[in-house]
Amino acid sequence: MNLFESGKLFLGCNYWASHAGTNMWSDWRADVVEADLARLAEAEVSVLRIFPLWSDFQPLRMHRGGSSSEKELRLREDPLPFTEEGKAGIDPVMAERFGIFCDLADKYGIKLIIGLVTGWMSGRMHMPEAFAGKNLLSDPLVIRWQVRFVRYMVRHFKDKPAIAAWDLGNECNCMSPVSRDGAYLWTKTISDTIKLEDPDRPVVSGLHGLLPDGTWTPEDQGELLDILCTHPYPIFTPHCDTDPLNQMKTCLHATAQSVMYESLGGKPCFVEEIGTLGPMIADEDVAADYIRTAMISSWAHDMRGFVWWCANEQAELTHTPYDWDSVERELGLFRLDGSPKPVADVFTAFSRSMKNFPLEKLPPRITDAVCVLSRGQDNWAAAFGSFLLAKQAGLDITYAWCLDEIPVSPVYMLPSITSNAAIEGHVMTELLRRVREDGATLYLSLNDALLSPFSAYSGVKVKTRCRRAIPDTVVLDGKEFRFSSPIRLQLEATTAEVLAYDQENRPAFTVNKYGKGKVYFCAYPLELDAATKPGVISGAGAIPLADFYRKMALGNFARTVSSDPAMPDAPYVGVTEHILPDGGRIAVLINYTPEERTVHLRTGGRRVADILRFTDAAVAETDTSITVTLPANTGAALILR
C-alpha cells in the first residue's frame, strides 16, 4: 500500500488510548484499545500515528558509583539480559504489547505510522532516566542507544502488515538544542538505521517548525527522508492565530505551510497533526467547519494525508502532561462517553464523499508562479502572506529558497525583501536573464533593503530614503490603502508605468518592460501585512491587498478555469485547476469563509460533466457562464469537458 499516493488524501488521527493517554503502554488494557479501534474504523479513520513511548520501551537507568560516576546501564534495576531485547535495552513486555496493538489495528483495517523516538510528547519529556541531563540529539551515548532502540523496533515489527510508515519520532526537534549540522547528522543516523532494516517503507520526518534559514530545514529533511509533514496548529504557528478559526486565513494555514515544505524539501508533505486545541479556541461546530475547509484544501493541493490530534478526550486524566497543560485535555474526535464530535462526522462524510469521486485520483493542480524566499526576512510571514494574496487573486504558487536551484516558471515573486544580503548577485542576475531573454515576469516588494542594481530593471529611481514617520496612503484603481513599512522611499518613474501612487503623487506600485518580460515593483511589504495583521484577509474589515496581485496577474497568467474577479465573493472562493488526460479539467472550488459565497466561473467553453459536492453546493449553467454557490466553509469539485 502506498499511503502517500499523489492525488489521494488518507484520513487519520494520532492515537493514545482513551483510558490512559500517554500511560497506555504501562497501563495496558487490550479491551479498551480494541474498543477504541473499532470506533475509529466505524468513523472511517483509516490511519493512526502511534508512539512507542521512549521511556517505557527503553527504560534504561544509569547506576552510578562514587562521585556520581557512571558505572553501568541497567534495565531499571536489572542487568541487561543477553537477549535481542536486552542488547537493545528494550522492555520485552512493552514489545509484546506493541505487537498486540499492531495485530488489532490490522484486524480493523487500520494502517499505522510509527513515531519511533518519542521522547517529547504534549509538553513533557519522556526519555529514559539514564539520559537525564544529556543532549538527546548529540550525545554519543544517547545516539548509540537510540540506534539500538530503532533497529530493534523496525527489525522486530517490519513484518506487521498494519505498519505503513516509520516516523523519526514526535517533534524530535523539541528534545534538545542542536546546530544545523547536528540536526542533519542526527536525522541521517536515525533514517539510515530505519532503512537498513526496512528499505521498503517510507520514513516520515515527524518534525514541525522547519524554516529554510533555520536549524531544521525542509531542504535537509527532504534530502534525507521520504515524506515531510506539518503540525499546523494556529496558536503555535507565528501569525496564524490572528483571525477566527473558520475564516480564510486560518483555514489556509495548513495548506500554505505544507506547500512550502513540499516545495523547498522536494518531497511529498502531509498534514500529520492538526486540531483546534480545545473549546477555548472554538466550539464544536466551528471546529468542524474549520476542519472541513482545511481538509478539502489539503486534497486540492495534493497533501496526501490529513491527521487529527487526537483520537480521544483526556479530560479526566490526572498525570502529567494532562495535569499541567489544559490544551491537552479536550482534543479528541470522540468525547469521554465515546460519542463522536462534529469533527469526527466531518472525517466520515469526507471519506464517503471520496468514494463518490468518479476518478481514481485528482491530477496535480496547475501552478502559476514560484515565490522565492530570501535571507534576512521572516520567511514564514513572507511565504504565508504571498500564498494568501495569490489565492485571493486566483493564482496558485510554489516556493523556492534563494540559495537553491530556482525552477523555471513564467512568473517569479520576491516578496517583502528585507536584507541587503537577501539575494546573491548571481541569483538576481539569472532571474533578470529569464525576464529579459525568456519573457518571464518578476514581481518584487520591499520591506527594508538596498538593492543593487535596481533602476535598470525596475524603471524607477530612488530620490531619497528615510525612516517612516507616518503611514503612506496609496491609491490603486480608486481604492485607498495605508502602509506603514519601516522605511519610506520617495520614488520617481523613469521608464516604468505607474499603477498606484502615494499621497504625494509619487510611484508606489509600478510595472516596467524589461527585454521580453516585465518587472513589477511594490514599495511596501504587502505580504507581511497580509500575514501578520488581524482581519486583513477576510471578515468585516478585510483589506483588498490582493488587488495588487490581481493587477500583476492580468495578461501574465493563462488559466483555463478561474472565477470572475468582478464578483464580490471571488477573493474568498479558492479555485484550483487540474488537467485531465483527455484535455478536460477539474476545478476544485473552496469557500474559505463562514458565509455563503457565489462565483461565476470562466471555463474556456467547457461545461460541467460531473460534480462532487462536499455539502449542498448549487451549480447553475447557461450558454455563457457557470455560477456556483457554496455554503459556508465547504467546497465542490467540477469535472469540465
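Mentor: Arg-304 is buried, at 12% relative accessible area. Buried means under 20%, exposed over 50%, and partly exposed in between, with a 1.4 Å probe and protein chains only. The model is predicted: local features need pLDDT of at least 70, side-chain atom pairs count only at pLDDT 80 or more, and totals for chains, interfaces and linings use all residues. Numbering runs from 1 along each chain as its sequence is written, and side-chain values use heavy atoms, leaving out hydrogens and water.

Back to Arg-304. Its phi is near 75°, positive in a residue that is not glycine. Arg-304 sits in the loop between helix H10 (284-300) and strand S12. Helices (H or I, at least four residues) and strands (E, at least two) are DSSP runs, numbered from the N terminus.

S12 covers 305-308, and the loop from S12 to helix H11 (342-355) holds Cys-310. The peptide bond from Trp-309 to Cys-310 is cis, with omega near -5°.

Now set two other sites beside these. Asp-477 also has a positive phi, about 50°, without being a glycine. Asp-477 is exposed, with a relative accessible area of 54%. Its loop runs between strands S18 (472-476) and S19 (479-483). A cis peptide bond also joins Ser-452 to Pro-453, with omega about -5°. Pro-453 lies in the loop between strand S16 (441-446) and helix H14 (455-458).

Next, the wider context. The protein has 16 helices and 31 strands. Its radius of gyration is 26 Å, close to the 26 Å from the globule rule for 641 residues, so it is as compact as a globular protein of that length. That radius is taken over C-alpha atoms, and the rule is 2.2 Å times the number of residues to the power 0.38. The C-alpha trace spans about 80 × 60 × 45 Å along its principal axes. Of the 641 residues, 61% count as buried, a group defined above. Arg-304 is buried as well.

Last, the surface. The accessible surface comes to about 23,700 Å², with 50% belonging to carbon and sulfur atoms. These areas come from the Shrake-Rupley method with a 1.4 Å probe; for residues, only the protein chains shown count as cover.
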